[in-house]
Amino acid sequence: MPEHTFRLNGEQVTVDVADDERLLWVLRDVLGVTGPKYGCGINVCKACTSHLNGRAANPCSIPVRDLAPSDEVTTIEGLAATVGRELHPMQEAWIDLDVAQCGYCQPGQIMAAVALVRRVAEEGRTVTEADLDGIRNICRCGTYPRIREAIRAGAENM
């Protein structure tokens with residue numbers, strides 16, 4: 001098997017897996033990182049949303065061969081470290097607003113929210129309803145109103 005090297009939550013990792021192995025399975029089955037959830041495996045539900053070089057990405061659709069040693073993958077496990085705190089402000093907003101019901105999709109929801117807020121801030125504007133409408137992560141429990149409220153609250157503290 002070929003070796004693939006990339007950065008995961010701030011640390012360099014090397015895995016010995018097939019080139020076409022999806023990053024989600026490398027994270028979960030090889031590296032033991034279980035925050036990104038398996039939902040559909042075809043980049044639709046977005047339960048696995050993580051960050052690749054600071055942008056929202058879905059590891060279920062990324063073959064590990066596409067990663068370079070300098071690529072930074074951040075999962076929910078490494079999110080708080082990106083701000084040097086115990087919890088990221090978006091995670092705090094999720095808790096404060098009691099967003100989660102079953103919780104399965106929440107890591108992906110939070111990662112998508114953080115990427116959105118960062119992108120909007122880079123553009124020099126605030127989060128709009130259209131931005132929130134653009135998040136396509138599926139929540140089977142239907143907590144969308146609380147998710148939207150938490151994204152707005154988390155954005156204020158990021």
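These legends go with several close-up views of one predicted model.

In this predicted model, local features need pLDDT of at least 70 and side-chain atom pairs count only at pLDDT 80 or more, while totals for chains, interfaces and linings use all residues. Residues are numbered from 1 along each chain as its sequence is written, and side-chain values use heavy atoms, with hydrogens and water left out.

**View 1. The hairpin of strand 1 and strand 2.**
Let us start with strand 1 (residues 3-8) and strand 2 (residues 11-16), which pair in the antiparallel sense over 6 bridges. Helices (H or I, at least four residues) and strands (E, at least two) are DSSP runs numbered from the N terminus, and two strands pair if DSSP finds at least two bridges between them. Look for E3, whose bridge partner in strand 2 is D16. The hairpin has 2 residues between its strands, and N9 in the turn has a positive phi of about 50 degrees.

Strand 1 and strand 5 run parallel and are joined by 2 bridges, and here L8 stands opposite V73 of strand 5. Contact means heavy atoms within 4.5 Å; axes are lines fitted to C-alpha atoms, for helices over the stretch in contact, and angles run from 0 to 180 degrees between N-to-C directions.

**View 2. I62 in the loop between strand 4 (55-57) and strand 5 (72-74).**
I62 counts as buried because its relative accessibility is 13% (buried is under 20% relative accessible area, exposed over 50%, partly exposed in between, with a 1.4 Å probe and protein chains only). Leaving aside neighbours within four places in sequence, I62 is in contact with E21, R22, L23, L52, A57 and L67.

**View 3. Helix 3 (residues 89-96) against helix 4 (residues 106-122).**
The two helices pack at about 125 degrees, with their axes 10 Å apart, and are therefore oblique to each other (under 35 degrees is roughly parallel, over 145 roughly antiparallel, 65 to 115 roughly perpendicular and the rest oblique). M90, Q91 and W94 of helix 3 make the contact with Q106, Q109, I110, A113, V114 and V117 of helix 4. The buried residues of helix 3, among them P89 and A93, pack against helix 2 (76-79), helix 4 and helix 6 (144-156). Just after helix 3, find D98, with a positive phi of about 50 degrees.

**View 4. Helix 4 against helix 6.**
Finally, helix 4 and helix 6 pack at an angle of about 45 degrees, with axes 10 Å apart, and are therefore oblique to each other. In helix 4, Q106, Q109, A113 and V117 meet I147, I151 and A155 in helix 6.
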